[in-house]
Amino acid sequence: MSESVAVIGAGLVGCLAALAFSSKGYNVTLYELRQDPRQDVSSGKSMRSINLAVSDRGIRALKYVNEEMAERILKHVIPMTGRMIHDITGTKQESQVYGLFGESINSIDRLLLNKCLLDELDKCNIKTFFEHKLVDMGNVSTPDSPIFLEFVTKDSKREKREFDFIVGCDGAFSQSRYLMQKTMRMNYSQKYVEQQYIELYIPPASGSSSSDPKYSIDPNHLHIWPRKEFMLIALANSDGSFTSTFFSTWNLIDSIKSSQEFLDFFKKNFPDAYTMIGEAGLKHAYENQPRGALMQVALSPFVSPNNRAILIGDAAHSMVPFYGQGMNCGFEDVHVLMKLIEQNKTIEKAFSKYTDARKEDVDTICRLAYENYQNMSAKVLDPFYLLRKKIDYV
Ligand code: FAD
C-alpha cells in the first residue's frame, strides 16, 4: 500500500500540494476547517471578487503538477503587461511595461482559482474533508511512524487518524505550525508591518455585460496610485470590474474619523479613482470593510526532526503582499518539494533536504516583498527615491 499523506488546509497551496502528492502516487487526504466554497452560496454573492496576481513562478508550479490543469486555469487570467501610474490630478496615466517582449503577471479571481483547484481534486483519488479543524498532532521528534492527527468536526465530534506524512498548509496563523512547535525546536518570528489595507471595488463601466465586459481603465495593467506614504492599486476582474486595495499606515487610517473625511481624502488624493469607485462605494468600504493587518512570518526549520511533517505556503512564510508573491512562492514550495522527491526517491529524504534547499530563497522573497512597498508607492514616481531614503527591511 502507498504511504499516506495528510494535507492540512484546502487553500490555494494546500490544494496544489494535495494534487502534487497524489500525482506521485501517494495516498492523500486533505482536511479543511471551512466548508466547501463551491457549496457556500454566500461566498459567490456576498464576497466581492478579490483577485491576485499569478506570476511565472506560480504558473511553472501549476504546469509541473499538471500541464492540462494549468491550461484550464490560465484560461481565466487577465494578463497585465505593465503598471499604469495614475497622477494626483487624476488626468494623467503613465504605462511602465514589465518587459520588452510583453512579459506579464496575471490577474485571477482568488475564489475562482480555489474552486478550480478543488474541482481538479475531485478528478483524482484524493479524500477531502471540509469542516474538519486540526486540533492535535503526535510527537514530530520521535522516529515513530505513523503520526496521529486529531480533528474536530462541525458537529463537535473528535476524530483521530494516523498518517505517514503531514503537510501543513493552513495559512499565516497555522495550527500545524503551533502543534509542531510543541514537540520540536523550531525558531519562529512574526512581525506586523506598519501598513494596513482596505479592499475597494471599481464597478464595470456602463454598458458592460457578462458577454461583453467593459472596463473604465485598461484591464491589462496593474493600476497604481503611488502617494509615497500611502497608495491605491487595482487589478481587473473578468466581468469589467476591478478589485482595488488601499494601503496606508495605521496612523493615517486611524486619523480619518468619519466616512466624510475618507471621501474628502480620496477626492484629494485619488480623484479619478474617487469617481470610478463612487461615493457610495467608498462610504460603504469605510464603514464595513475590515482593515487588514499585514505581517511577515519567518521560521526555521520547515521540517520536523523525524522528517515526517513539513510546513509550506503562508504557514511557513507569510509575507506582505507588495510583491504579489505569497501564493506564487507557496506554489513554488510545492514545485521544489516535488523535485526533491523525484531526485531523492522518498518523501523522508526529500523532507530532510527541503529546509536547506528553500530557506534562502524564501527569506529573500519576504525581504523583497517588504522592500517593494517603497518601490510601488514611491520609486515608480522617482527613480532616485531609494537612494535618498533609508529603507528598513523586516
Ligand atoms: P491560505 O490561503 O491562508 O489557506 C489556508 C487554509 O487552511 C484555509 O483554507 C484555512 O481555512 C485552512 N485552515 C486554517 N486552520 C486550519 C485548521 N486548524 N485545520 C484545517 N484547516 C485549517 N499572493 C500572490 O501570489 N499574488 C498576489 O497578488 C497576492 N495578493 C495578495 C493581496 C493581499 C491583500 C493579501 C493579504 C495577500 C495576497 N497574496 C498574494 C498572498 C496570498 O493570498 C497568500 O500567500 C496565499 O493565500 C497563501 O495560501 P495558503 O494556501 O498557504 O494559505
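## Helix 5 and its buried face

In helix 5, the residues L113, L117, L118, E120 and L121 are buried. Viewed down the axis of helix 5, these buried residues fall within an arc of 155°, so they line one face of the helix. On the other side of helix 5, D122 and K123 are exposed. The structure described here is a predicted model.

Helix 5 covers residues 110-123, which makes 14 residues. From its first C-alpha to its last, helix 5 reaches 21 Å, close to the 20 Å expected at 1.5 Å a residue.

Three strands form an open sheet in the order 3-7-4, and their pairing is antiparallel. Strand 3 (51-54) and strand 4 (78-80) stand at the edges with a single partner strand each, so one side of each has no neighbour in the sheet. From one strand to the next, the twist averages 35°.

Four bridges join strand 3 to strand 7 in the antiparallel sense, and V54 stands opposite N106 of strand 7. Helix 5 packs on this sheet, where it touches strand 3 and strand 7. The direction of helix 5 makes about 80° with that of strand 7. Strand 4 and strand 7 are also paired in the antiparallel sense, over three bridges; here the bridge partner of M80 is I105 in strand 7.

Strand 7 itself is mostly covered, with five of its five residues buried. I105, S107 and D109 point one way from the strand, while N106 and I108 point the other way.

A second open sheet contains five strands in the order 8-2-1-12-18, with parallel pairing. Its edge strands are strand 8 and strand 18 (309-311), each of which pairs on one side only. Ignoring direction, neighbouring strands of this sheet are turned by 15° against each other on average.

Strand 2 and strand 8 pair in the parallel sense over three bridges, and T29 stands opposite K127 in strand 8.

## The nonpolar core

The largest nonpolar core has 103 residues, of which V7, L16, A17, A18, V167, I312 and V334 touch the most other members. Helix 13 (residues 347-379) gives the most to this core, with 10 residues. In soluble globular proteins, nonpolar side chains tend to be buried together.

Y197 lies in strand 13 (residues 187-202). Y197 is partly exposed, with 19 other C-beta atoms within 10 Å; the cut-off for a buried residue is 20 or more.

The C-alpha atoms of Y197 and A293 are separated by 6.9 Å, although these residues are 96 residues apart along the chain. Leaving aside neighbours within four places in sequence, Y197 is in contact with T245, F246, F247, G292 and L294.

## Backbone features in loops

Most residues other than glycine have a negative phi, and most peptide bonds are trans. A cis peptide bond, with omega about -5°, joins S300 and P301. P301 is found in the loop between strand 17 (292-300) and strand 18.

K228 has a positive phi, near 65°. K228 is located in the loop between strand 14 (221-226) and strand 15 (230-236), and is partly exposed, with 13 other C-beta atoms within 10 Å. K345 also has a positive phi, near 75°. K345 lies in the loop between helix 12 (326-344) and helix 13, and is exposed, with 9 other C-beta atoms within 10 Å.

Definitions and conventions: Residues numbered from 1 in each chain as written. Predicted model: local features only at pLDDT ≥ 70, side-chain atom pairs only at ≥ 80, totals over all residues. Helix = DSSP H or I, 4+ residues; strand = E, 2+ residues; numbered from the N terminus. Expected span 1.5 Å × (residues − 1). Buried ≥ 20, exposed ≤ 12 C-beta atoms within 10 Å, placed from the backbone. Arc of directions from axis to C-beta. Core = buried A, V, L, I, M, F, W, Y, C linked by C-beta atoms within 7 Å. Pairing = 2+ DSSP bridges. Axes fitted to C-alpha atoms, helices over the stretch in contact; angles between N-to-C directions. Contact = placed C-beta atoms within 7 Å.
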